[in-house]
Each structure stands twice: as C-alpha cells, then as structure tokens.
Amino acid sequence: MTFPLLTALGVLPLVGALLTFLVKGNPGKMLAFAFSLATLALGVWVFVQSGDLSETHQWIPAIGAWYALGLDGMGKVMVLLTVVLVPVVLLAEWHVGERQPGWSTRVFFALALLVEGLALFVFLATDVLLFYLFFEATLIPMYFLIGGWGGPRRGAAALKFLLYSLAGGLIMLFGVIGVGAHSAASADGPSFLIADLAKLDFSGGVGRWLFLAFFIAFAIKAPMFPVHTWLPDTAEQATPGSSTLLVGILDKIGTFGMIRLCLGIFPEASTWATPVILVLAVISVLYGALMAIGSKDLMRLIAFTSISHFGFMVLGIFAFTTQSLTGSIFYMLNHGFSTAALFLVIGFIVQRRGSARIEAFGGVQKVAPVAAGLFLVSGLSALALPGTSSFISEFMVMAGAWQRHPIITAVATLGTVLAALYIMLAYQRTMTGPLTEQVSEHFRDDLGWREKSVLAPLIALLLVFGFVPGPLMNVVENTAKDAMATLGMTDPAPAAVEGGK
Amino acid sequence: MNPDYYLVLSAILFSVGVLGFLLRRNAIVAFMSVELMLNASNLALVSFSKVHGNLDGQIASFFVMVVAAAEVVIGLAIIVTIFRTRRSTSVDNANLLKF
Amino acid sequence: MNLLETTAPIAASGLYSWAWLMIAIPAASAAFLLVGGKLTDAWAHLLGTAASIASFVIGLLLFVDLLGATEGSRAVSVPLWDLITTGDWTIQVGLLVDQLSILFVLLITGVGSLIHIYSIGYMAHDSRRREFFAYMNLFIAAMLILVLGDNYLTLFFGWEGVGLSSYLLIGFWYFKKSAAVAAKKAFVVNRIGDLGLLMAMFALLTQFGSTSFVVVNQNAASLSGSWATIIGLLLLLAACGKSAQVPLQSWLLDAMEGPTPVSALIHAATMVTAGVYLIIRSHLIYDQTPTAQLAVAVVGTVTLLFGAWIGTSKDDIKKVLAGSTMSQIGYMMLAAGLGPVGAAFAIFHLLTHGFFKANMCLGAGSVMHGMNDDVDMRHFGALRKAMPITFLTFAMGYLAIIGFPFTAGFYSKDHIIEAAFHESVVLGSLALIGAGVTAFYMTRLMMMTFFGDKRWLKGVHPHESPMSMTIPLIVLAVLSIIAGAAMNNWIGEWLAPATGAEVEQMSLLSITPIGIITMLTVAVGVFLGWWFFRGEVPSTVPANSNVFAIAGRNDLYGDAFNEAVFMRPGQHLVGGVSWSDDHLVDGGIVGGSTGMVSAAATVLRRLQNGYVRSYGLTMVAGALLVGALIILGRLA
C-alpha cells in the first residue's frame with residue numbers, strides 16, 4: 001500500500017489544530033504557523049504530483065459509503081488555494097486576540113487550522129456522503145471564528161451565517177439521501193461514490209429535484225442572489241482573516257460542488273435548469289456590483305464584490321464550454337487570492353482607523369502610501385485589470401459564455417464597468433483627496449514588515465498568473481473537459497473560418 | 001407463581017415513584033422516587049425475562065442498574081452542591097434556568 | 001485581394017527576437033522604481049529617462065532594419081509565450097513589428113523620451129518625482145504592448161495598461177480632490193469603451209476562434225455582414241473611449257488635472273490616438289461593413305467640430321489644447337472612417353499631431369512653470385518677451401496645427417480634408433469648417449498668451465524654463481515644421497501593406513483647389529482670431545457672452561448630459577437596490593421566515609419555566625400520550 005498522501009494532507013492541519021489547543025501562549029501560535037507552513041509544503045508537493053493519488057476504502061458497506069479521496073485538476077487548484085491562504089491569514093491576524101478582551105489569538109489559529117483541514121477533505125472527497133459530512137463540519141470552526149473575534153454584533157452575524165448554511169446543508173442532506181436511495185435501488189447496489197453515481201441515470205423528475213437540492217445548498221454557499229444576504233453581514237462583523245477564510249476558501253465549496261456534484265451526477269438536470277441559473281448568475285453579477293457601489297462600509301463592499309464575482313463563476317459553469325468552465329475554475333483560485341488581498345489590506349487600514357465606514361476616511365495615501373498602493377493593486381485585481389490573473393479567468397468565462405449566450409454575456413459584461421466604478425469610487429473616497437483630520441489622527445504608521453509580507457505573496461501570485469496562466473490552466477482544463485464529456489457537449493465551432501475546425 | 005403479580009407490583013411501585021417525583025419538593029425524595037421508578041422497571045424486566053424464558057430482560061436490568069448507579073453519583077453531587085449554595089434542597093427554589 | 005493576405009508576417013530572427021526588450025526595459029524600470037522606494041529617489045529620473053531612451057534606440061534599430069528589408073519581409077512576428085490554451089483556442093502573447101507598429105514605436109519612445117527629459121526639469125521640485133517617472137515608464141511599456149501586440153488580447157493588455165497609467169498620472173496629485181475625481185472619471189469612462197473591445201474580442205473568438213490579427217485578417221472576408229457591423233461598432237466604442245470621441249469625450253478635459261508632461265505624452269501625443277490605431281489595425285473588418293465605416297467617419301466629424309467648439313471658449317490653456325486634441329483626433333477618425341484611402345492619412349496626421357501637440361502641451365507647461373502654475377490665459381499676455389524660446393517653439397506648433405503652408409499640419413490635415421471631399425461633400429465641408437475654427441481658437445490662444453498687454457497676477461515673474469525643458473521643446477518644434485514634408489512622399493507607400501491603401505503619389509508643392517479653399521478658410525480663422533483678441537482682454541470672464549461661448553465653456557454640456565442620463569438614474573438604481581436588499585430580500589423573503597420562527601419561539605419558550613416538577617409532569621403526560629396512542633393503535 002502506498003503512503004496515503006491525501007489523507008496526510010487533510011489530517012496534518014487537524015493535528016496542528018489539536019496541538020495548538022493544547023500548547024499555551026506564544027509557542028502555540030508559532031506551532032500553528034509552523035503547521036500551516038508544513039501543510040503548504042505538503043499541499044504544493046501534492047499539487048506537483050502527476051500520478052493517481054486516490055484512496056478508496058470501504059466505510060459503511062451497508063449503505064455503500066466509502067472513505068474515498070481523490071484529486072483532479074480542480075481539486076488541485078483548490079488545495080493550492082487553501083494551503084496558501086491559511087498561513088497568510090495566520091500571519092495577518094497575528095495579534096487578533098489582543099485587540100479586545102476575549103478569546104486568544106492561539107484559539108483563532110487553531111480554529112483556522114481546523115477550517116483548513118476540513119476544507120481540504122471537502123475538496124478531496126470523492127464520496128458524496130463524505131463530502132457532505134465535511135461540508136457540514138466546516139461550519140463549526142467557522143461559526144466560532146466569526147463569533148469569537150470582530151465587531152460588536154459578531155454574534156448575530158455568526159448566527160445568521162450558521163442558520164443559512166445549516167438550512168442549505170439540510171436541503172443538501174435531502175439530496176444526499178436521495179442519491180443514496182436511488183443508487184441502492186440500482187443493479188449495482190448502494191454506493192455514494194461520485195464515480196458510481198455518475199453512471200446512474202438521473203434524468204427525469206426525481207433527478208431534477210435532487211439536482212435542485214444540491215444546487216440550492218451550493219447557491220447559498222457560493223453565495224448567489226437571492227440567498228446572499230448573510231455574506232455582507234458576516235463580512236462586516238468578522239475579522240478580515242475570518243472573512244478571507246470564509247469567502248476565499250469555504251465559499252468556493254459552492255462553485256466546486258456545482259461542478260463536482262451538480263454537473264457530475266445530474267448532467268440532464270443541469271442543462272434543464274440552465275436558463276434560470278444563467279439569469280440568476282447575471283443578476284448576481286449586476287446586483288452585487290450595484291450593492292457594492294452603494295455600500296458605505298468597506299468590508300460590506302468587498303462582500304458584495306464577491307457576490308458579483310461568484311455570479312461570473314456560475315455563469316462560466318453553466319455556459320458549458322471548455323473555455324468558460326476552465327475560466328470558472330481558474331476564477332475560483334484567482335478570486336481567492338484577490339479577495340484575500342483586498343480583505344487583508346483593507347483590514348490593516350481599517351484597524352488603524354478603527355472604523356470601516358467609507359466616510360471615516362479621506363486622503364489616506366498621504367500618510368500611508370504603501371497601504372494605499374496595495375489597496376489599489378488588490379482593487380485592480382478585483383476589477384479584473386489585464387495583468388492580474390482575475391482578468392484571464394473573467395475573460396475566459398465571458399468569452400466562453402459568449403459562444404452560447406451572447407446576449408446574456410453582454411449584459412454580464414456591464415459588470416466590468418460597474419466593477420471599475422465600485423473600486424475606483426471607494427479608492428477615491430478613502431485614499432485620495434485632502435487628508436482629513438480624523439485620518440491623520442488615527443494613522444500613526446504605514447504598513448509594517450509583517451503586513452507587507454502578508455500581501456506580497458498574494459500580489460505576486462496574482463501578477464504571475466496574470467501573465468503566465470498557462471501552467472495552471474493546463475491543470476484545470478482536464479476537469480473542464482471531463483465535465484463537458486459528462487454533459488455530452490462540445491464547444492461551438494468558429495462560425496466564419498473556412499472549413500471550420 | 002404467576003408472573004402477573006410481579007408486574008402488578010412493578011406497576012404499583014412505578015406509580016408511587018411517578019407521584020413522588022411529581023408531588024414532593026425535596027430533591028432527595030424526588031431523587032429516591034426516580035430510583036424507585038428505575039427499580040420498578042427492573043422488576044418488570046426480570047419478570048419479562050421469566051415469561052419469555054430468555055435472558056434479555058435480565059441483561060437489560062443490569063444495564064439499568066449501571067446507569068442508575070452512575071446517575072446516583074452525579075445526581076447526589078448536584079444536589080449536595082445546590083444545597084451548599086442555596087441552603088435548601090427544594091426543587092422549586094432552583095428555578096433560575098428558564099427562558 | 002488584399003496585400004496583407006499575401007504577406008503573412010515572417011518569423012523573427014536576429015534583432016527582432018529581442019524586440020520584447022523595448023517593453024521589458026521600461027517595465028522593469030517602473031517596477032524597480034516602485035518597489036525600490038526612497039532608496040532610488042536620487043537617480044530615479046535618470047533611470048526612468050534612460051529606460052525610455054533605451055527603448056527608443058531599439059525601436060530605431062528595428063526601424064532602420066525594416067527600411068532596408070524587402071517589402072515582403074517588413075512584417076515580423078515575435079511570438080513570446082502562450083497565454084491561453086484551452087479547448088480549440090490558442091491565444092499567444094506575441095509582438096508584431098510591421099510598418100504600422102514601428103512608426104508608433106518611434107513616436108511613443110521618441111516623444112516619450114523627450115518628455116521624460118522635459119519632466120526632469122518640470123518635476124524637479126516635486127517630492128514624488130520617483131513615482132512620476134515610474135508611472136511614465138509604466139505608460140511607455142503599456143503603450144508599446146498596445147501597438148506591438150500581434151492579437152487583440154495582447155493589445156488589450158496594453159490598452160488597459162495605458163488606462164491604468166493614465167489613471168495614476170492624472171491623479172498624480174491625489175491630494176487635490178479634483179485630480180482624484182478626474183482620474184476616476186477617466187478610468188471609468190475608458191472602461192465603458194473597453195466594454196466594446198471586450199465584446200468585440202468575444203465576437204471575434206466566436207467567429208474565428210482566434211484574436212490574432214493574422215487569422216482575423218485572413219478570414220475577415222468570410223464574416224457575415226451583420227457580425228462585421230457589430231464588431232465594427234464595438235471596436236468603434238472602444239476607440240471612442242480611449243480617444244475621447246463623442247459620446248465618451250467627457251474625461252479628456254478633466255484629465256488636464258494631471259501634470260503637464262502627462263497631458264503632453266498621454267493625453268495629446270500617444271495614448272489618445274490608440275483608438276485610431278485600433279480602427280486602422282482592424283481595417284479589413286471595416287472594409288466589410290460600410291455602416292460601421294460611416295459611423296467612424298461621423299463620430300470623427302462630430303468630434304472634430306465638438307472639440308474645436310470647446311477650444312474656442314475655454315480660458316484654461318490646457319483645456320484649449322485638450323479640446324484641440326479631441327478635434328484633431330476627430331480628423332484622424334474621420335480619415336480612418338474613409339477606408340483604405342484615408343488610413344495612411346490618419347496615421348500621417350497622427351504622427352505630425354504627436355509632434356506639434358506634444359510641443360504645444362509642453363510649451364503650455366513651460367508657460368505654467370513661469371506663471372506659478374496658473375493656467376488661466378486671462379492672466380497671461382505679452383509673454384513672448386519673457387519666454388522667447390517657449391514662444392518661438394510654441395509658434396511653430398501653432399503654424400503646424402493651423403496648417404500653415406509647408407509645415408507638418410499642412411500636409412497631413414489637408415490630405416484628410418481632401419479625401420473627405422472625395423468621399424462626401426458634407427463630411428468634407430464640415431472638416432473644412434473645423435480647420436477654420438482650429439485656426440481661430442489657436443490664434444486666440446496665441447494672442448491671449450504671448451501678445452497683448454501684461455495681465456499677470458501680483459507676485460508672478462515669468463521666466464524662461466531651464467534647458468532640460470527647452471531642449472525637448474526645440475526638438476519638437478523642428479519636427480513640427482519638417483515632419484510633414486519629410487514624410488509626405490514616403491508614408492503612403494510605406495504603410496500601404498499594413499493599411500491596405502492604394503498608393504497615391506502626393507506631391508510636396510502641388511496645391512489642389514481644395515487646398516486653396518482650405519488655406520483661405522484658415523486665413524479667415526486667423527484673421528478673426530486676431531481681430532477679436534488684438535485689444536484688451538478682460539481678466540475675468542465677461543458676463544455677456546454669447547450662447548455658443550457659454551455652451552463651449554461648459555464642455556457643450558457633456559457632463560450635464562452624463563449626469564442627467566447616467567449618474568442620477570444610476571444613483572437611484574443603487575439606492576433602490578440597496579433598499580430592496582435590506583427590506584425585500586433580507587427583510588421580506590428571508591426575514592419573513594426567520595420572523596415566523598422567532599415569533600413561535602417567543603411563545604413556546606414560556607414552557608421553559610424552570611420548575612423541574614412541571615417538566616416532569618410534561619414528560620409523564622407525554623409518555624402517557626404515547627402509550628395511549630400505541631394501545632389505541634393496537635385496538636384499531
């Protein structure tokens with residue numbers, strides 16, 4: 001038997017979390033950080049592996065549940081995203097517990113490691129039941145991360161997050177039981193393995209209901225209009241680090257699940273639901289952008305930009321072309337990095353000012369040019385400026401989607417103008433203009449070395465993948481091609497090339 | 001001997017226990033009433049064992065005894081702690097845990 | 001049969017395979033200066049200028065090489081790496097050095113280097129000079145990507161890159177609210193134009209599965225008419241945004257908030273002409289669609305009048321020049337819209353305009369430098385003696401722009417007017433009127449600035465600018481005079497393969513009837529300008545202005561229009577969406593269900609009264625109920 005690399009990858013941060021709970025004080029923090037770095041190293045090692053790493057063991061034979069882990073291109077980039085973001089978040093929140101009485105920084109670190117381990121298992125699971133268990137399990141540490149540190153109404157925000165997620169999870173449980181029952185009735189006997197379920201015929205009414213159960217859960221997670229309202233409230237109250245983990249990693253489970261489970265198991269229902277989903281996606285794009293323009297709080301603003309970006313991802317997924325799907329998966333990674341950079345840099349700025357309200361700022365660039373500059377770079381990546389990796393993915397999503405749905409895509413393209421507006425408006429109001437007294441009073445220093453080293457890797461990644469996305473794209477493309485094969489679709493051929501392709 | 005008598009006795013004991021638990025304010029007495037109910041069910045279980053001619057009921061009663069013993073340990077500890085803080089063992093006085 | 005189809009670009013070798021250095025050097029310099037921070041403050045301007053000159057030298061070497069090459073091998077493609085390979089698409093990052101792009105390279109790096117040198121003096125007292133040079137280098141790199149990219153996506157990288165550097169430089173003095181707002185406005189309005197380019201690329205990918213110029217050009221003929229029109233109009237939208245053409249013109253006047261070298265380089269000589277480049281690059285698509293072609297010409301004509309009108313009534317010297325820039329780019333768009341006959345003229349005018357407009361913008365900067373950064377021409381006057389070099393160089397630019405015989409503008413603009421007359425009398429006459437108005441407002445500018453009486457504010461002591469500023473002025477002034485004659489006979493032939501234009505012999509001295517009419521119109525304009533502004537100029541804006549002047553001062557109500565049609569409804573939309581998010585989505589649909597749950601909980605929590613015995617009673621009652629149900633179930 002070969003070494004269970006994937007299990008090790010998931011277990012390592014969980015062990016780290018456990019040890020961090022046990023070790024008191026500063027050594028605990030260092031230990032947690034060391035574990036996150038070790039996970040990063042292991043994650044990158046896994047990422048560069050080319051062989052088949054999957055592990056499959058029987059778990060509960062009676063219902064066909066398997067302990068099955070596996071890794072495809074999409075899983076790989078999600079693993080990469082997770083292992084990169086966690087150490088960055090830990091470094092960014094190095095003093096989170098000292099800002100207010102309550103829980104210590106060490107507990108935050110332990111919980112963050114828990115989130116990391118559980119999220120990794122979600123991305124690795126190739127068994128629906130296992131996926132579901134870890135999907136729900138991530139809520140527990142995340143609930144405490146939101147409720148433990150942050151703004152004054154964080155308790156309410158954590159509860160709102162939990163209720164929404166639990167409601168989604170409940171609906172998904174219905175779907176999980178449904179597919180299990182359906183497989184139990186099949187000739188091959190019960191199995192929750194995605195590969196086995198994909199062979200079953202889910203077309204028709206039952207399959208559509210089950211598809212909806214999964215889709216609603218993922219739409220809440222992602223989040224899409226109209227079940228998005230928990231995200232802004234949460235982001236407003238939670239610490240930037242928690243928001244990063246939430247939006248950067250956990251929300252990706254939504255779009256990840258759509259490709260892995262919705263398209264993978266229910267190809268017929270996916271095409272059936274496409275018109276409605278595309279419209280919802282475009283509404284998300286525009287609605288999120290408009291809300292971002294209207295928001296008066298920087299953290300809420302980022303949350304709304306994410307809703308807009310998730311709209312793009314869903315658009316790419318349900319446009320069903322190789323390019324749009326590849327773009328969507330790539331978008332998940334880029335959005336993780338760019339939102340993380342935006343959340344964290346704004347977190348540093350907000351922490352100095354003591355308020356996230358836009359009107360509380362003005363002329364920050366004068367006192368903190370580095371912070372303002374990094375805000376601008378992160379913002380440009382959020383508005384998908386060419387040269388940042390977000391552009392590549394947004395371009396591929398829209399260009400791919402245009403092949404099938406030019407009009408819907410044209411409407412979604414308006415989102416790019418709105419994106420320029422929400423970033424530039426916020427930047428102009430907070431960072432430029434004459435230096436206001438309230439800002440000069442609160443800003444004693446620019447970003448320190450720790451804060452710079454938090455942002456540097458993220459921005460470096462965004463730029464590198466912005467110019468050379470090829471290597472990652474090749475990793476991701478296989479998943480897109482598999483999905484296309486499952487759907488039984490091919491890309492539309494160019495219309496005006498003689499002979500076609 | 002007819003096992004029905006044992007069942008009737010068990011029922012009577014159980015009813016005594018229920019009434020004691022519902023009517024008495026003293027925590028110790030209420031607690032003893034709970035024990036009485038447990039023992040009444042033990043008696044019933046053993047009787048059933050006799051009726052059915054297998055050992056299932058007797059084994060179940062062992063489980064009940066173990067649980068009851070554990071319960072006594074925790075329950076008495078709680079009652080003693082309550083008595084120490086409130087100088088009273090009335091179950092109606094310890095009513096802070098509410099909406 | 002088109003020329004470009006027969007001459008596919010040849011593969012790069014030798015010097016050409018290093019063409020990317022032209023972009024890499026300023027890009028690396030920009031990155032170095034930004035990351036290096038204060039350590040590089042002392043010599044940042046030197047590094048920045050050196051980087052720009054290095055690019056120019058490489059460009060010049062390539063140009064000389066192309067000059068020596070045979071006609072068939074004057075388009076060289078330099079593939080760099082694969083950007084996107086997925087499905088059937090392969091989108092490369094690659095450069096295309098051909099007759100068209102090399103001219104742009106020389107303009108950008110040449111004028112760019114001069115402006116870098118000028119900025120050393122102009123920005124000497126700014127504590128953030130290092131940042132300024134970093135952004136200027138970033139601009140040079142981005143602009144070179146724009147013109148050298150061998151496909152629309154690579155071009156788009158540069159397209160957005162110049163947008164970003166323009167944003168950074170307009171807002172360079174970010175602590176002024178007006179600058180910050182102008183920068184944001186420029187970015188957002190440009191972004192609207194970018195929408196056009198993005199969608200055009202999507203459409204190209206749908207039609208051809210590629211964004212490469214070569215593939216698009218080879219297959220352009222098989223494009224269906226409606227798609228050609230759609231793509232043409234989308235590209236026009238993009239060009240309007242970048243080149244400040246009506247209806248996306250409003251940002252350019254505000255963009256004058258940036259430091260003057262920026263206005264000269266980005267908002268006069270190079271970036272704003274990118275739209276013309278885009279249209280000429282896509283000329284094979286426009287050849288398929290007369291509708292879109294006409295739209296280009298109409299947009300150009302409207303803008304050339306629009307800009308000239310604004311130029312007549314502004315008192316801010318930079319805004320007059322900005323209006324003039326819009327107007328001149330309007331001429332180029334008009335020429336580009338005339339199809340193959342006009343394309344070479346558009347580029348010709350673009351180059352000469354790059355020289356004389358940069359010259360005048362820098363001259364205006366020199367004036368401002370001497371006048372304590374005042375831009376109001378009503379406070380100028382009689383500066384020709386105080387600033388002789390600035391005056392003389394500016395005068396050469398003036399002669400060039402009004403099309404004084406044998407200066408640069410005379411050749412390039414008259415060709416456009418003539419071609420417009422050949423195409424349609426309406427377009428031609430409008431272009432002719434534009435030339436007259438141009439002469440009028442430029443004369444006005446000259447009169448108010450350099451002639452007449454001193455109207456200087458107290459404490460202002462105009463002085464000539466330092467050498468680093470006057471030398472670039474002199475170089476550009478010389479170019480403004482000779483560039484037209486130098487390129488007149490050569491450029492049409494040179495550009496023919498890239499623009500698909502028929503080669504037409506243009507004589508240096510022969511003057512057509514239309515040329516004579518043009519000269520007369522210009523003379524009338526000059527005379528009127530002199531007549532009206534020969535005497536006293538009030539130092540405040542006169543109250544009893546005519547309607548035309550008031551409209552011009554308000555930018556022909558472009559901002560008011562945008563505000564009423566887009567901004568206000570947009571704000572209401574945002575407000576409405578915010579309200580509905582709080583009250584309908586969160587409060588109504590989702591909030592309603594949570595409200596019901598919490599109302600039920602308020603009632604039911606009363607059961608939790610804290611009395612152990614009541615819990616016990618409930619339990620017993622429950623047990624009895626269950627028992628009763630079981631027994632009843634058995635009986636039934």
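1. Two residues are in contact if their C-beta atoms, placed from the backbone, lie within 7 Å. That applies to chain C as follows. Take its contacts between residues at least 6 apart in sequence: 81% of them join residues at least 24 apart. Note that this is a predicted model, so every value below is computed from predicted coordinates.

2. Chain C, contents. The secondary structure of chain C comes to 26 helices and three strands. Chain C has 636 residues, and 59% of them are buried. Along the principal axes, its C-alpha atoms fill a box of roughly 120 × 65 × 55 Å.

3. Chain C, domains. Domain 1 is made of two segments, 295-317 and 348-542. Domain 2 covers 562-635. How far apart are the C-alpha centres of domain 1 and domain 2 of chain C? They lie 73 Å apart.

4. The sheet of chain C. Its three strands form an open sheet, in the order β1-β2-β3, with mixed pairing. The edges are taken by β1 (10-11) and β3 (89-97) of chain C. Each of these two has a single partner strand, so one side of each is left without a neighbour in the sheet. Strand β2 of chain C spans residues 76-86 and pairs with β3(C) in the antiparallel sense, over nine bridges. For a residue pair to look at, take C:Trp81: its bridge partner in β3(C) is C:Val93. As background, strands of a sheet pair through backbone hydrogen bonds, either parallel or antiparallel.

5. Chain A, overall. Chain A has 22 helices and two strands. Its radius of gyration is 22 Å, close to the 23 Å that the globule rule gives for 501 residues, so chain A is as compact as a globular protein of that length. The box filled by its C-alpha atoms is roughly 75 × 60 × 40 Å along the principal axes. Buried residues make up 63% of chain A. Among its contacts between residues at least 6 apart in sequence, 81% join residues at least 24 apart.

6. Strands β1 (residues 55-60) and β2 (residues 65-69) of chain A run antiparallel and are joined by five bridges. One of the paired positions is A:His57, whose bridge partner in β2(A) is A:Tyr67. Is β2(A) largely enclosed or left open? Four of its five residues are buried, so β2(A) is largely enclosed by the rest of the structure.

7. Which chains touch? Two pairs of chains do, and the most contacts are between chains A and C. Chain A and chain B do not touch. Their nearest C-alpha atoms are 19 Å apart.

8. The A–C contact. Here 50 residues of chain A are in contact with 49 residues of chain C. On the chain A side, the elements giving two or more residues are α13 (267-294), α15 (322-353), α16 (364-367), α18 (389-404), α19 (406-431) and α22 (470-487). The largest share comes from α19(A), with 10 residues. By class, this side has 28 nonpolar, 17 polar and five charged residues.

9. The C–B contact. It takes 11 residues from chain C and 10 residues from chain B. The chain C side divides into four nonpolar, four polar and three charged residues.

10. A closer look at one residue. A:Val279 lies in helix α13 of chain A. How exposed is A:Val279? A residue is buried at 20 or more other C-beta atoms within 10 Å, and exposed at 12 or fewer. A:Val279 has 14, so it is partly exposed.

Conventions. Residues are numbered from 1 along each chain as its sequence is written. Chains are lettered from A and ligands numbered from 1 in the order in which they are written. This is a predicted model: local features need pLDDT of at least 70, side-chain atom pairs count only at pLDDT 80 or more; totals for chains, interfaces and linings use all residues. Domain bounds come from an automatic or database domain assignment. Ala, Val, Leu, Ile, Met, Phe, Trp, Tyr, Cys and Pro count as nonpolar, Asp, Glu, Lys and Arg as charged, and the others, Gly among them, as polar. Two strands pair if DSSP finds at least two bridges between them. The radius of gyration is taken over C-alpha atoms; the globule rule is 2.2 Å times the number of residues to the power 0.38.
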